[in-house]
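Subject: Structure handover

Hi,

Here is the structure I promised to pass on. Please open it first, then read my notes below.

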Amino acid sequence: MEDDSRLHYEPEELAEFEGIESEWPLFLAFELVTCCCEERWQEARRLNNNLQALAVQRDGEALYPELYRVPDEKVEAERKQPGSQQREANTNLPLIWTQSLAWLGEMLLEGLVTPADLDPCNRRQSSALGAESVLVAFAVQDAAVGKTLIEAGLPLSLSGTISVQCSDALGENLAQVGANPRLNLSGLPSKRIETEDTARFYRQGGRDLAFTAAVLEDSVSYLADDPLQLVDSVVDELHLLQRHWRGPGLPLLLIPISAESFKHHPEAILNLGRTLSSGSIGGITVQFDTVEQLRSMGQWLELSGEAASPEGKVSRRALRTAVLREATDLADLTAAQEQELDETETDALQARLWTSDSLHEQAEVLELLQRRFGVEAIQTSPGDGPVSLRRLLEEVYTRGLRCQEWSVVRRCAGALGMVHPQLEDALTDLLMRQTQVVVGRNYTADSRLIRPLDNSAIAERIARTSGTDSRERMLEQELLLALDSIARRQPALLKGSLTLQLSQLLLLLTSELAVEQRLSQDEAFEALCSTSPHLIRDRLRRLLSDVDHGRAALQRGEQLHVSGRVQWKVPDPLEVAPSGGDWLQHRIRLGTLQKVPRDFYAGIWSLLRHCRGLVIGDKLERRNRLNSSLILEKTAGERNFATLVEHLLSRIDAPEYRQLCNECLLSLMAFVEANPDVRFADDLALDVVIGHAVRVGWLLTHPSLADGHYSQYKALAWGQFYAASPGDCRRWQIAALKELTEQRELV
């Protein structure tokens with residue numbers, strides 16, 4: 001009766017099988033093993049007898065079929081009186097799952113294997129969830145730092161009976177579990193070491209071991225190099241251990257303290273130690289002492305195999321001899337200097353790398369080379385021969401950490417493709433709270449994360465939908481982690497938020513900073529990139545506690561101040577409908593070919609006479625700005641001016657969005673041509689005009705929707721805009737321009 005060509009049945013169709021369902025021995029086998037593991041031996045023997053009665057004898061072997069079915073000719077009789085007809089085994093004999101579980105159950109009953117052999121972690125035994133308190137200890141990597149902490153009255157043992165190692169060493173040890181060369185078994189696959197893995201004490205070959213928490217190590221993320229951020233991370237991990245701990249003993253959190261971290265913020269580390277010594281931090285009860293004093297209260301596990309190297313990978317700072325010149329100049333680069341580097345030929349750029357003593361210039365040059373050739377490309381140094389870009393980036397990354405130059409650190413981390421190991425946990429936690437996450441610029445539906453993804457997939461999605469600046473990608477990772485921390489510790493700040501847009505939060509943070517320090521948007525973004533992780537997290541908390549204030553700051557930053565007589569009626573563009581009527585594909589073709597009308601560049605030169613400047617592409621990238629002073633340096637028909645504009649447009653990756661920028665420039669040219677006396681006292685950012693035009697177009701075509709719910713339809717609105725004709729887009733762009741000039745009295 002089964003239709004094997006279909007994947008499901010409708011409810012009314014399932015009723016036809018009632019009383020004649022096939023019966024599967026597999027489920028008896030599952031129950032047999034479960035009873036043995038739970039030591040319900042009498043019930044297990046009864047199940048084993050029932051199971052053996054279902055075996056089919058084949059060549060002297062008792063084999064278990066996939067299922068027992070009612071023969072076709074007896075279906076009606078069985079339906080009239082369920083259980084009256086003898087079922088027959090099908091031809092799928094044996095079903096490997098049933099056979100293996102049945103044999104395993106027999107071995108458990110005979111005592112050939114024990115439940116503990118199958119479940120050495122005792123997961124089969126029910127245990128209470130959570131811990132009354134958490135054991136905490138410091139692990140120092142430098143004896144001088146340890147002596148300073150001891151002199152401050154903090155519990156620390158510089159030499160003890162327990163070997164303290166990094167989390168990578170635990171990973172190497174766990175990889176040996178189950179390995180057997182004679183059976184060609186490789187052991188456990190490599191996996192991320194979770195905080196719960198390092199929360200236990202271990203014994204191996206007569207040695208006692210303890211491991212630092214992976215997420216707190218500076219080899220995992222630069223966040224651990226900000227001591228004040230480290231305190232936040234410690235509280236997050238303590239919450240995790242207290243809520244989710246299972247099994248005997250108390251969980252252990254071993255906090256690594258690096259010499260560099262202590263050197264820059266000794267008071268932050270000392271304050272953390274003093275708070276832990278009080279017995280409570282963040283509302284969590286802790287027992288802070290030396291590892292040796294805590295050993296009797298923790299959970300112990302036995303590790304098989306030979307002990308891994310105690311050193312392991314302790315820090316990204318453990319690098320080889322420096323290749324680049326020592327960075328003695330820590331001054332930020334100007335926009336003009338960045339623009340010059342961006343336009344430098346590769347050979348000259350490589351030569352500049354070896355002679356530069358500016359830390360920011362070294363980072364900028366390496367990022368440009370990484371974009372052009374990839375992170376594994378080989379460079380030829382003057383004295384040391386071939387060296388990979390990865391090694392050079394790690395060298396500058398380490399220097400940035402040493403100097404606490406966070407802009408350099410984020411730039412190098414992004415170029416290296418660093419991914420925080422807890423992104424997937426943060427995303428999953430937010431999704432479980434019925435909150436969606438939007439990454440990048442939200443130009444497509446790909447930006448919306450509505451199901452769990454692994455770390456690399458989240459990082460790839462952020463990179464694909466964000467700007468070219470690698471620092472932006474790292475900031476979005478930081479914001480995702482910060483939102484998860486806030487959701488767990490201050491859930492009221494996210495109450496009512498159905499969608500969290502990382503790029504929008506980044507813009508709001510930038511806008512608030514711009515208002516506070518009287519900076520332009522691109523200058524504020526540079527300032528934000530130079531801000532330490534913990535200060536950004538603090539800013540995010542303040543923003544979420546008063547989002548309206550942040551939105552007002554963003555509106556102030558985007559507001560346009562116009563002078564002169566204005567008429568908002570602008571001629572429609574001349575347009576010919578594309579073949580097939582698909583404007584999106586038409587824009588992709590034009591954007592790929594970068595075809596522009598005659599006098600396009602001369603029109604942009606004239607447009608600069610009516611504004612302070614133009615921002616083409618990412619508005620947070622200061623190299624994307626054309627200053628109005630260019631009209632004094634270059635003529636309308638000068639080739640160098642056209643090349644400069646073409647360069648900025650070519651930096652936009654998506655061809656369809658590049659074409660939208662061209663159309664927006666043409667709309668602005670038409671506007672100033674119709675209003676020759678108009679002047680804007682601000683920069684005209686194409687990102688801002690287009691973004692508002694998308695919203696205006698959506699609301700005009702969907703009048704029943706309230707403006708406050710627009711964020712839920714943002715991806716659809718962008719799709720509509722790409723599919724609209726240039727005439728419609730121009731009308732929406734001019735309407736958006738009018739809105740931006742009419743905003744007043746923003747709080």
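Asn 184 is exposed, at 69% relative accessible area. (Exposed means over 50%, buried under 20%, and partly exposed in between, with a 1.4 Å probe and protein chains only.) Its phi is near 60°, a positive value in a residue other than glycine. Asn 184 sits in the loop between α8 (167-175) and β7 (201-204). Helices here are DSSP runs of H or I with at least four residues, strands are E runs of at least two, and both are numbered from the N terminus.

A word on the source: this is a predicted model, in which local features need pLDDT of at least 70 and side-chain atom pairs count only at pLDDT 80 or more, while totals for chains, interfaces and linings use all residues. Residues are numbered from 1 along each chain as its sequence is written, and side-chain values use heavy atoms, with hydrogens and water left out.

Arg 518 also has a positive phi, near 55°. Look for Arg 518 in the loop between α21 (502-517) and α22 (521-529). Arg 518 is exposed, with 78% relative accessible area.

The peptide bond from Leu 93 to Pro 94 is cis, with omega near -5°. Pro 94 lies in the loop between β4 (88-89) and α5 (96-110). Why point these out? Most residues other than glycine have a negative phi, and most peptide bonds are trans.

**The cores**

Which residues touch the most other members of the largest nonpolar core? They are Tyr 222, Leu 392, Leu 483 and Leu 540, in a core of 72 residues. Helix α20 (residues 470-489) gives the largest share of this core, 9 residues. Another core lies apart from it, with 56 residues, including Leu 560 and Phe 721. (A nonpolar core is a set of buried Ala, Val, Leu, Ile, Met, Phe, Trp, Tyr and Cys residues joined through side-chain atoms within 4.5 Å.)

Beyond its neighbours within four places in sequence, Leu 392 is in contact (heavy atoms within 4.5 Å) with several residues, among them Val 323, Trp 354 and Gln 379.

**A buried glutamate**

Is Glu 558 buried or exposed? Glu 558 counts as buried, because its relative accessibility is 12%. Glu 558 lies in helix α24 (residues 547-558). Its side chain makes a polar contact of 2.8 Å with the side chain of His 692. (A polar contact is a pair of N or O atoms within 3.5 Å; within protein, one must be able to donate a hydrogen and the other to accept it, and residues adjacent in sequence count only if both atoms are side-chain atoms.)

Best wishes
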